[in-house]
Structure formats: structure tokens, C-alpha cells
Amino acid sequence: MYYKNGQPGIPLINGERGSATSIVVVGSDVYIAGDLDGQAAYWKNGQVVPLSGTAIAPCSAYSIAVSGDDVYVAGQGFKPFYDRNGNKGRNVLQPRYWKNGQEILLPQPPGPNGYEGEATVDLITVVGQDVYIIGRNAYMPVYWKNGRLVDNISADLNRVSAITTINGQVYAVGSRNKQAAYWKNGQTIVLTTEESLATAIAVSGNDVYVAGVVGDYTANLYPGYGNPGLGRYWKNGKPVELTGDLERVYPTAIAVAGDDVYIVGINQANAAYVILKNGQRINISNGSCYLDAWGIATVNTKSITNNSYPKKITPKQAPDIVPDKKDPEARFLAENLKKPGVQVTPSGLQYEIIKTGSGEKPSINDRVTVNYQGTLINGEVFVTTEGRGDPITLPLKSAIPGFSEGIRLMNVGSKYKLFVPPNLGFGKTVSGNIKPGSVLIYEIELLSIAR
């Protein structure tokens, strides 16, 4: 569902299971992207428009843009995978977008062992006649322009996480020389001398608001994603720090309504989505449950928030973030950390040492050979090398952040158990039988390093 000024908007579902992940307001029309019973869809003023195509379910939409009379929706589904010998493996991700309901498949970046990667889609936007899509392959950014892979969106701005047109002006956010920055019509403005990353932007009148996170870049990891960071936003270049527990929020969206600044983001401590108003956490409730905010938009100084499928929790929950009252995934991480032998890194990755080896430790640029098995918190296996008969060799650059970070803690010959929170795994994306927001558990044996 979505909320307008704190009140429920038009219901999006009627007994089905679904999620709303992106919202845009054009005049009096409200467009929302998401999924309904495993099928990508979008809603216009509460009326659902299914998005059909070649995808194997589940298929989800994660971003929506409207340009004139055209509606663009980006998302992903699955396609069959066959190895070089013609053997069928698990289904693999296939990013795609729809223009007025017509499906356009997006090429994947290169992956390990000569196969395609599995990039996911985060954002679609239309600038003039060009359609830009931003995604990621593990923790590396991926960009498409008009359906083709491109190396970057701007030669002067790195790790671009958003590009948009506001009041006829084109804005993008990212970093330059590892410092949070944005550009307007191609002119870059650096916001701080600290290592940092800008992640979202909003404009109200003559004021420019940019949200981001301050922290270190290590190898190919960056602040707030793989590395810890402190949430912050800038108004016309002047910083406004988030304090207390909220400084751990990784902003994903920002909007301004009158004098109020709203930020939606991920709490890096427990991977829960939160919404802030003027730096203070607020809850949105329909009386029986709270909802996770995934995005926010404003129009004519009125704010509208879209939310994921409701999670039942105590209506009188205190405003501070309490992991064991959120959902099974967050509760699992909170309880798991209490177990003997479980340790945690600053990024939130939990791990347990089963066996310590005596060999070298790999770096982010290395390829490693491992035996491993991945399970969900219910014990369901989603990946394993056991059925292959051989270990697998993969580049750490292509792995999800939690997997990569965990292996780099290990000496050759070690065996670890990793507990990967969603923000270090697949986040809000779907991958096979991995649902959005899933904790991933890996048991990994590091056999060798290939440099």
C-alpha cells in the first residue's frame, strides 16, 4: 500500500500477496511499481497493470518513471541457465524494463568463469529521449543507456546512484575522488572533503537537498555498503548530521514538503527500512501493523510514501529500533549474535570460525576456490557446490559484499560460517528462492587463492 500525508491511499491489493517498491507522482496521478503474486506490475491511481513477458516467476518491478504519455518500469525476473555441456542449472536473473507494457531485455555484464553476471535493477529514469537504468552486480554499479550496457553515466561522477530531471534541470548523485558530489546539467558540486557517497537528491524551490553517507572506501567496497558509514544530508552544500541510532541509516531516498525533510533508508545495524522526518524516526501504521518504507515522493508540498507488504508487529512499538520486534530475519540476527563463538564486523556481518587454516588471506582482487553451501534461516538450501562434484573458483569482486568480506577474513584451509544481513546480500531484490530482505547463511571452506 502507500500512504499520503500519513493516511492510507488507495488499496493496491485485495487478498493477494504483493509489494510496492517505487512511486512517482505526475500531476494528480500516482504511479507505483511492484509485484503481485509473483508477477511484475504497476498501479496507476490504484488500478493494477500486469507486466507480462518472458520471465520465469517470480518477477518484480523495482522502479518506475513517466515521461509524457509513456510509462517505463524496470525490474527483473528469471531465465533458464545451461552450462557449456548443456546441463541445466538453477534459473538466473535477467534484468529488463517495460515501455508501455512492452518488455525489453537488458544484457548482463560479464560474470565469473566466462558466464554472464547477475545484475539487479535499482532505478530507471528518462532524460530527454534517453532511458537510463542503474543497477548493481554484487556491489559493483551497472549502467544501461537505451537498453545497452555503458561503462558510466558521467565521466566526472563515480558510483552514480540516481539521475533525475527536476524542474527541467538534470541532476545526478554519486562521488568524485571518493567524496560525495552531485551534478546539475553536467556541472559537478563536491559536498565534503571526507570520504563519502551521495545517494539521493531532492529540490524544493531554489534549495538543493542531497542525502548520503560518510565513511571509508576499502578496495571496491564503499561507505554504507560493505563498509560502515554515517548518514548525512546536505542543504545547499551545508551538512546536517543524523544523530544517535539514526546516524547508522543509509539513505536511499529524500523528499521535501514545506519545511520538512523526509529521508527513507536502511538501518545498517539491523537492515530494517526506516523513514525519518527532520532527522527523527517516524512510524507509519494502519492500527494493526507498521510498514517498511521503501520510497518517498512529494507533489505540491504533499508527501506520499510507498511501502512493502505489511509485517505484523506490536502497534505500540517504541520509536527506537528494536531488532527482535521487526521480522524473523532481524530477530534471527539479534538472537544469533548472543550465541557463543559468533562475532560481528563493523559492517554488521556475523561469522563463526569452524576451523582455522594456516595459509594466506585473499584480497578483493583475488580469485578463490571454495566449497560452500548457502541456506536461508529456515534451513532451505539455495546454493551448494556439493552437487557439482567439484569446488568453484570465483573472483571476490563479483561476490555479494557479505560473502566477499567473510572470505577475506579467512586463511586458506579455514572453514567459516557467515551470517549475511540483507544489506550485505541481495537487499530488497529477489534471487531464486531468496526473498527480499533475506538473511543468508553460508558455510564456506577456503581451499586456495588464484592470483
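## Burial and the model

A residue counts as buried when its relative accessible area is under 20%, as exposed when that area is over 50%, and as partly exposed in between, with a 1.4 Å probe and protein chains only. By this rule Phe 403 is buried, because its relative accessibility is 4%, and Tyr 372, at 14%, is buried as well.

The model is predicted, so local features need pLDDT of at least 70 and side-chain atom pairs count only at pLDDT 80 or more, while totals for chains, interfaces and linings use all residues. Residues are numbered from 1 along each chain as its sequence is written, and side-chain values use heavy atoms, with hydrogens and water left out.

## The whole chain

The chain has 451 residues, of which 52% count as buried. It holds 2 helices and 37 strands, which are DSSP runs numbered from the N terminus (helices H or I, at least four residues; strands E, at least two).

## Aromatic pairs

Rings of Phe, Tyr and Trp (its six-membered ring) pair if their centres lie within 6.5 Å, and planes under 30 degrees apart count as stacked, over 60 as edge-to-face and the rest as tilted. The whole structure contains 7 aromatic pairs. In one of them, Phe 332 and Phe 419 have ring centres 6.2 Å apart and planes at 45°, so this pair is tilted. Phe 332 belongs to helix α1 and Phe 419 to strand β36, 87 residues apart, and both are buried.

Tyr 372 and Phe 403 make an edge-to-face pair, with 5.3 Å between the centres and 70° between the planes. Because Tyr 372 lies in strand β33 and Phe 403 in helix α2, the pair ties together parts 31 residues apart in sequence. Tyr 372 and Phe 403 also belong to one aromatic cluster with Phe 382 and Tyr 442.
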